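Morning, everyone. Please look at the structure on the screen, and I will talk you through some contacts.

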Amino acid sequence: MKKIKICGITRKEEIDWLNETGVDYAGFIQFYPKSKRNLPLEEAEKLLPLLKDTIQSVAVTVSPTKEQLAQIERAGFDVVQIHGEVGDELLDAVRIPVWKAFNVSDLSEFERFEEKENVVGYVFDAQIPGSGETFDWELLNKIPVTSKLTILAGGLNPANVAEAIRATDVDGVDTSSGVENDDGVGKNKEKISMFVEEARLAQMSVEEAR
């Protein structure tokens with residue numbers, strides 16, 4: 001089955017909803033105060049133990065520093081997702097699995113990260129991450145074949161996740177704003193359930209068509 005990640009988690013009740021639906025990954029925005037979903041590390045540390053063992057925690061960062069990455073490791077995150085710039089020296093020092101996030105304007109860097117053993121996955125996002133906007137999924141056809149995990153993000157929601165799964169060959173899907181309340185504050189239980197259900201139904205239809 002396709003992997004499912006719900007990003008931008010900030011509250012205990014949201015953890016409960018993820019546990020109920022059985023998603024694969026929970027994303028927490030770290031050290032990026034520009035985002036309304038940014039969560040102080042000490043708050044994230046309180047939520048991580050509440051996740052089921054089957055759900056991996058992902059610290060989502062933008063051009064993190066060495067000290068920030070060290071704090072993320074000490075907090076007990078399973079994976080760190082890195083947007084923006086990250087040098088080879090900094091990347092090589094990370095001791096937990098890394099997902100490198102790309103947007104439609106920086107795919108030229110793909111090959112550099114493909115050579116890094118600790119980079120175990122990629123997240124393909126819109127040009128402005130977190131904007132809730134989709135991008136041309138046909139661009140993913142230009143990515144070289146990789147054995148690493150591939151996750152599609154950028155404007156996915158219950159209404160279009162099935163189309164995204166049918167149109168791409170990624171390993172998983174990722175949403176944040178697509179499952180938020182209508183006022184944009186906090187996640188919505190029903191939208192999370194709908195997103196997961198639509199993703200799983202689409203995967204089943206793809207498998208049946210093969």
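First, the ground rules. This is a predicted model, with local features needing pLDDT of at least 70, side-chain atom pairs counting only at pLDDT 80 or more, and totals for chains, interfaces and linings using all residues. Residues are numbered from 1 along each chain as its sequence is written, and side-chain values use heavy atoms, with hydrogens and water left out.

Salt bridges. The term means a side-chain nitrogen of Lys or Arg within 4 Å of a carboxyl oxygen of Asp or Glu. How many salt bridges does the structure hold? The count is 16.

Take Glu180 and Lys36. Their side chains form a salt bridge, at 3.8 Å from N to O. Glu180 sits in the loop between β8 (172–175) and α7 (189–209), and Lys36 in the loop between β2 (25–29) and α2 (41–47), so the bridge ties together parts 144 residues apart in sequence. A word on those labels: helices (H or I, at least four residues) and strands (E, at least two) are DSSP runs, numbered from the N terminus.

Are these two partners buried or exposed? Glu180 is buried, at 4% relative accessibility. Lys36 is exposed, at 57% relative accessible area. The cut-offs: buried is under 20% relative accessible area, exposed is over 50%, and partly exposed is in between, with a 1.4 Å probe and protein chains only.

Next pair. Lys116 bridges to Asp88, with the closest N and O atoms 3.7 Å apart. Distant parts of the chain are linked here: Lys116 is in the loop between α5 (110–114) and β6 (119–124), Asp88 is in helix α4 (residues 88–93), and they are 28 residues apart. Lys116 is buried at 15% relative accessibility. Asp88 is partly exposed at 35%.

Then Arg112 and Glu109. This salt bridge has an N to O distance of 3.1 Å. Arg112 is partly exposed at 25% relative accessibility, and Glu109 is partly exposed at 32%. Through shared partners, salt bridges join Asp88, Asp92, Glu109, Arg112 and Lys116 into one network.

Now the helix pair. Helix α1 (residues 12–21) packs with α7 at an angle of about 25°, axes 10 Å apart. Axes here are lines fitted to C-alpha atoms, for helices over the stretch in contact, and angles run from 0 to 180 degrees between N-to-C directions. So α1 and α7 are roughly parallel, a label for angles under 35 degrees.

Who makes the contact, meaning heavy atoms within 4.5 Å? From α1 come Trp17, Leu18, Glu20 and Thr21, and from α7 come Lys189, Ile192, Ser193, Val196 and Arg200.

Finally, buried faces. In α1, the buried residues are Glu14, Ile15, Trp17, Leu18, Asn19 and Thr21. They pack against β1 (3–6), β2, α2 and α7. Gly22 follows α1, with a positive phi near 70°.

Helix α3 (residues 66–75) buries Gln68, Leu69, Ala70, Ile72, Glu73 and Ala75. Its buried residues pack against α2, β3 (56–62), β4 (79–83) and α4. Just after α3 comes Gly76, with a positive phi of about 100°. One reminder while you look at those helices: an α-helix has 3.6 residues a turn, so residues three or four places apart point the same way.

Note on methods: Parallel < 35°, antiparallel > 145°, perpendicular 65-115°, else oblique. Contact = heavy atoms within 4.5 Å.
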